[in-house]
Structure formats: structure tokens, C-alpha cells
Amino acid sequence: MKRILYLMYVCLLCGCSVKENMVSVRQVENKGYVVLRMRKDMTQIHSLLYPVSFEFKKNVRGNIYYFENSYFAKNEEICPGTAGCHIWSTNGNDDLMSSYKRFDGTIKYIIDKDRNLQDNMADEYKRMLVEKRDTIHVSLEEFKDKHSELVKTYFEGDSIILHFHNHKKWIDVPVRMTFE
């Protein structure tokens with residue numbers, strides 16, 4: 001009887017002591033579009049939405065779900081704060097699985113006050129004026145080919161803290177963003 005109680009105690013103790021690696025995260029390729037939006041007065045491009053994707057999985061039993069994130073841009077003057085990144089599940093269910101599940105999103109950069117960014121986006125701005133559109137979509141591949149230095153200079157090195165919850169406590173996972 002003591003042996004059985006001892007085994008139950010050891011199993012319970014080991015089962016409750018898992019604290020590390022509750023969630024695995026990896027940034028994956030996104031083939032979406034960069035969305036450029038014009039200011040209301042049509043004098044320049046106001047914002048840029050950059051597509052990102054992640055895959056999350058839980059490494060423990062029980063329910064864990066994605067809740068929100070905190071985004072930190074290395075160039076604070078172009079990021080509107082922690083509300084600058086929005087991530088959602090591709091199937092509308094934020095619960096994590098034991099296999100990787102995809103979450104897509106966008107990072108919003110406010111670029112209307114940066115002269116260098118405006119100069120780099122002059123062709124896109126002219127296109128918007130000619131087409132009389134306040135929003136255009138540029139393929140991510142085309143954007144990276146044309147503005148690779150801009151991406152390295154302004155976006156590379158940003159970081160995000162992904163917040164998960166298991167109905168008992170918060171699980172925060174910091175990730176350094178890559179835009180290659």
C-alpha cells in the first residue's frame with residue numbers, strides 16, 4: 001500500500017512540476033500582401049501593414065489558448081505602440097493543439113512622419129494617385145525585392161511577446177522578429 005501511495009505521489013509531483021516549454025512558437029513564411037494606406041488629405045502614405053505568420057503548439061496536456069501580444073519596434077517613431085500587431089487563428093479558434101497551428105497577422109507601421117520612408121515609397125504613392133485609390137496591396141515578394149534595405153533598416157530586429165493562457169496563469173513567449 002505504501003508503495004502505491006508513493007508511486008501516486010511521485011506521478012502527481014512530476015505531473016504538476018512542468019513549467020518550461022509549455023508552448024512552442026515559430027515564425028513562418030507569409031505570402032500575403034503589404035497594404036499601403038493613404039492619408040485622408042491624400043498628401044502621402046500614412047501607414048503600412050506588413051504580413052506575418054506564426055505557428056504555435058502546446059507541449060503539455062490541458063487547454064492553452066493564444067490571447068494577445070505586445071509588439072516592440074526598434075524604431076518607435078513608426079510603430080503605434082503595442083496595438084501595432086494583430087494576430088488571429090486561420091480557423092477562428094485560438095485554442096492550441098499538440099501539433100503546430102497557424103496564426104496569421106499584420107504589423108502596422110505609421111510612416112507618414114518619416115521622410116526617408118516616404119521617399120522610398122514614391123512609386124507606390126504615385127501609383128495610388130494615378131489609380132485614385134487610398135489603399136493598395138503590394139505582394140510581399142515584390143515589396144521585399146524593391147525595398148530590401150528599408151526592411152532591414154526599419155523592421156529587422158523588432159520583437160514581440162506572445163501572451164498565452166491556460167485558464168490558470170499567463171504564459172509569455174518573447175520572439176525576435178525576422179523579415180527575410
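Helices (H or I, at least four residues) and strands (E, at least two) are DSSP runs, numbered from the N terminus. The model is predicted, so that local features need pLDDT of at least 70 and side-chain atom pairs count only at pLDDT 80 or more, while totals for chains, interfaces and linings use all residues. Residues are numbered from 1 along each chain as its sequence is written, and side-chain values use heavy atoms, with hydrogens and water left out.

Helix 3 spans residues 122-131, and E124, Y125 and M128 are buried in it; buried denotes under 20% relative accessible area, exposed over 50%, and partly exposed in between (1.4 Å probe, protein chains only). Viewed down the helix axis, these buried residues fall within an arc of 100 degrees and therefore line one face of helix 3. The arc is that of the directions from the helix axis to the C-beta atoms. K126 and V130, on the other side of helix 3, are exposed. After helix 3 comes K132, with a positive phi near 55 degrees.

The protein as a whole contains five helices and nine strands. From the N terminus on, the order of these elements is α-β-β-β-β-β-β-α-α-β-α-α-β-β. Of the 180 residues in the protein, 42% are buried. Contacts (heavy atoms within 4.5 Å) were also examined by sequence separation: among those between residues at least 6 apart in sequence, 69% join residues at least 24 apart.

A search of the whole structure gives 12 aromatic pairs. Rings of Phe, Tyr and Trp (its six-membered ring) pair if their centres lie within 6.5 Å; planes under 30 degrees apart count as stacked, over 60 as edge-to-face and the rest as tilted. Y66 and F164 form an edge-to-face pair, with 5.8 Å centre to centre and 70 degrees between the planes. Because Y66 lies in strand 4 (residues 65-72) and F164 in strand 8 (residues 159-165), the pair ties together parts that are 98 residues apart in sequence. Both Y66 and F164 are buried. Elsewhere, ring pairs link Y50, Y109, F143, F155 and F179 into a cluster.

The ring of Y100 has the charged end of R26 over it, 3.6 Å from the ring centre; this requires NZ of Lys or CZ of Arg within 6 Å of the ring centre and within 35 degrees of the ring normal.
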